[in-house]
Amino acid sequence: MANKTIDHAITARSLTAAASDPTHAGILSFMRRKYTKQLKGVDTVVWGIPFDAATSNRPGARFGPQAIRRASAIFDNDPQYPFERDLFADMATIDYGDCLLDYGNHTKTPATIEYEAAKILKSGAYLLTLGGDHFVTYPILKAHAALHGPLALVQFDAHQDTWPDEKGRIDHGSFVGRAVREGLIDAERSIQIGIRTHAPEDCGIRIIYGYEVEDMRAEEIADTIVRHVGSQPAYLTFDIDCLDPAYAPGTGTPVAGGPSSAKILSVLRKLGALHIAGSDVVEVAPAYDHADMTAIAGSTIAMYMLGLRAEWLAERRG
């Protein structure tokens, strides 16, 4: 027991220290990273946004960050598959906790999220966000675009989220169209993967529909994404309903006919050539989950995002 840790999320003395808490015990930060609001010397921030007031069907994604953190306990001190490395040995990573939102005044929500995201980004850290419904991506995109300019949106989703809306409306089905109109994303360099619904407009964004994902190999999908985005700074957003409900039932708007988690994880693994400026995993709603399968999928996707970031940093640091 001499080399074991417990409650590493609060007892860790280093942001790169390995945790060895029992998977069934200890404080559940994301992958046992230290809980702190201190951003000095931090490479990567994991942040939760427990918000689901923009959902159009089943609510519950406000519990998504908790569920994803809980599921991430399975990632113990071993090198993470398929990256063959301790992701945090050379990437100082913290769990920043959750965004504090006023549940009784949703009009303040977008500005609160944007302000907090901008503060994190100002430190120079990479931001991985755990949602929450998909509306939260809109204020996060505003914070990233203020830093990087228009981004290429790489969106894994069953829905286009380009429905028309009114100024000030809070809706998880319209944020992409609004982001295009406001110049937050470059539609010509943006791409959506796994779409299995139709919206009135595509806003000029490239779509790989669900049936195409079924017919394409993972390598083909990844190559299409990389070639389409090119060298543009990209924002990677993953709505868990991109996956078929057989693999992710715990979500607000499930759509049959989606890909498996194995296939999409294989696609993600091959996106290392992208300049990913930020990322999120959204729409995990654990009340509709079974045996934590959706939370496990969401936490694994988030881990892959960190793995890609760790490799990107390692390449640039030599």
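**View 1. Buried residues of helix H4 in the predicted model.** Thr 137, Tyr 138, Pro 139, Ile 140, Leu 141, Ala 143, His 144 and Ala 145 are the buried residues shown in H4. The structure is a predicted model. H4 covers residues 137-148, 12 residues in all, and extends 16 Å from its first C-alpha to its last, close to the 16 Å expected at 1.5 Å a residue. Just after the helix comes Gly 149, whose phi is positive at about 85 degrees.

**View 2. The aromatic cluster of Phe 51, Phe 135 and Tyr 138.** Ring pairs join Phe 51, Phe 135 and Tyr 138 into a cluster. The model has five aromatic pairs. In one of them, Phe 51 and Phe 135 are tilted, with 6.2 Å between centres and 50 degrees between planes. Phe 51 belongs to the loop between S2 and H2 and Phe 135 to the loop between S4 and H4, so that the pair links parts of the chain 84 residues apart. Both Phe 51 and Phe 135 are buried.

**View 3. The stacked pair Phe 156 and Phe 238.** The rings of Phe 156 and Phe 238 are stacked, 5.2 Å centre to centre and with 15 degrees between the planes. Phe 156 is in strand S5 (residues 152-156) and Phe 238 in strand S8, 82 residues apart. Phe 156 has a relative accessible area of 0% and is therefore buried. Phe 238, also at 0% relative accessibility, counts as buried.

View 4. Nine strands form an open sheet in the order S1-S3-S2-S4-S9-S8-S5-S6-S7, with parallel pairing. S1 and strand S7 (206-209) are the edge strands; each has a single partner, so one side of each lacks a neighbour in the sheet. S7 runs parallel to strand S6 (residues 191-195), and four bridges join the two.

View 5. H2 lies across S1, strand S2 (44-49), S3, S4 and strand S9 (276-282), at about 110 degrees to S4. Helix H9 (residues 293-317) also packs on the sheet and touches S2, S4, strand S8 (234-239) and S9. The direction of H9 makes about 170 degrees with that of S9.

View 6. Most residues other than glycine have a negative phi, and most peptide bonds are trans. The bond from Tyr 81 to Pro 82 is cis, with omega near 0 degrees; Pro 82 is in the loop between helix H2 (64-71) and strand S3 (93-98). The loop between H2 and S3 also holds Glu 84, which has a positive phi of about 55 degrees without being a glycine. Glu 84 counts as exposed because its relative accessibility is 73%, and the cut-off for exposed is over 50%. A cis bond also runs from Gly 131 to Gly 132, with omega near 20 degrees; Gly 132 is in the loop between strand S4 (126-131) and H4. Arg 32, in the loop between helix H1 (8-11) and strand S1 (34-35), has a positive phi near 65 degrees. Arg 32 counts as buried because its relative accessibility is 3%.

**View 7. Lys 37 over Tyr 96.** Lys 37 lies over the face of Tyr 96, 4.3 Å from the ring centre.

Terms used
Residues are numbered from 1 along each chain as its sequence is written. This is a predicted model: local features need pLDDT of at least 70, side-chain atom pairs count only at pLDDT 80 or more; totals for chains, interfaces and linings use all residues. Side-chain values use heavy atoms; hydrogens and water are left out. The expected span of a helix is 1.5 Å times one less than its number of residues. Buried means under 20% relative accessible area, exposed over 50%, partly exposed in between (1.4 Å probe, protein chains only). Two strands pair if DSSP finds at least two bridges between them. Contact means heavy atoms within 4.5 Å. Axes are lines fitted to C-alpha atoms, for helices over the stretch in contact, and angles run from 0 to 180 degrees between N-to-C directions. Rings of Phe, Tyr and Trp (its six-membered ring) pair if their centres lie within 6.5 Å; planes under 30 degrees apart count as stacked, over 60 as edge-to-face and the rest as tilted. A charge sits over a ring if NZ of Lys or CZ of Arg is within 6 Å of the ring centre and within 35 degrees of the ring normal.
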